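Please keep the sequence and the model in view while reading.

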Amino acid sequence: QVQLVESGGGLVQTGGSLRLSCAASGSILRFNHVGWYHRAPGEQRELVAAFTSGASPNYADAVKGRFTIYRDNAKNTVYLQMNSLKPEDTAVYYCAVGVLYGKTWGERYWGQGTQVTVSS
């Protein structure tokens, strides 16, 4: 079992920045998927950015060039730097770590979520 605790959400104006942090209770090195998701009001949870079985992260098209995911393995922490925020980025953001076999999940853990609200 791994517990994930997100922090860094809040209210920001359009064009502003936030940095989300996700601290894991143990090592995240054994997981081949480490990422951030969001759920906008009335929508399903969607991938925002993740490292999956590789050194280079992948991003949702809507956030490319604005968001950056990075990790500090020594601190068991994953970050999401969000710049040039837009109202459509408003959502609850979740951290997730897990083991992905192709398209099938093995173990997977979620954080409790942190609210990001971007005002226009």
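1. Basis of the note. The model is predicted, so local features need pLDDT of at least 70 and side-chain atom pairs count only at pLDDT 80 or more, while totals for chains, interfaces and linings use all residues. Residues are numbered from 1 along each chain as its sequence is written, and side-chain values use heavy atoms, with hydrogens and water left out.

2. Salt bridges. A search of the whole structure finds three salt bridges (a side-chain nitrogen of Lys or Arg within 4 Å of a carboxyl oxygen of Asp or Glu). One of them joins the side chains of E107 and R30, at 2.6 Å from N to O. E107 lies in strand β10 (residues 104–110) and R30 in the loop between β3 (18–24) and β4 (33–39), so this pair ties together parts that are 77 residues apart in sequence. Strands are DSSP runs (E, at least two residues), numbered from the N terminus.

3. Exposure of the pairs. Buried means under 20% relative accessible area, exposed over 50%, and partly exposed in between (1.4 Å probe, protein chains only). E107 is partly exposed at 29%, and R30 is partly exposed at 46%. D61 and K64 meet in a salt bridge of 3.1 Å, N to O; both D61 and K64 are exposed.

4. A buried pair. R66 forms a salt bridge with D89, with 2.8 Å between the closest N and O atoms. R66 is in the loop between β6 (58–59) and β7 (67–72), and D89 in the loop between β8 (77–82) and β9 (91–101), so the bridge ties together parts that are 23 residues apart in sequence. R66 is buried, with a relative accessible area of 10%, and D89 is buried at 3%.

5. The nonpolar core. Which residues touch the most other members of the largest nonpolar core? They are W36, L80, M82 and Y93, out of 30 residues. Such a core is a set of buried Ala, Val, Leu, Ile, Met, Phe, Trp, Tyr and Cys residues joined through side-chain atoms within 4.5 Å. Strand β9 gives the most to this core, with five residues. Beyond its neighbours within four places in sequence, Y93 is in contact (heavy atoms within 4.5 Å) with residues including L20, W36, F67 and V116.

6. V34. This residue is in strand β4 and is buried, with a relative accessible area of 0%. V34 and F51 are 17 residues apart in sequence and 5.3 Å apart in space, C-alpha to C-alpha.

How values were computed
Helix = DSSP H or I, 4+ residues; strand = E, 2+ residues; numbered from the N terminus.
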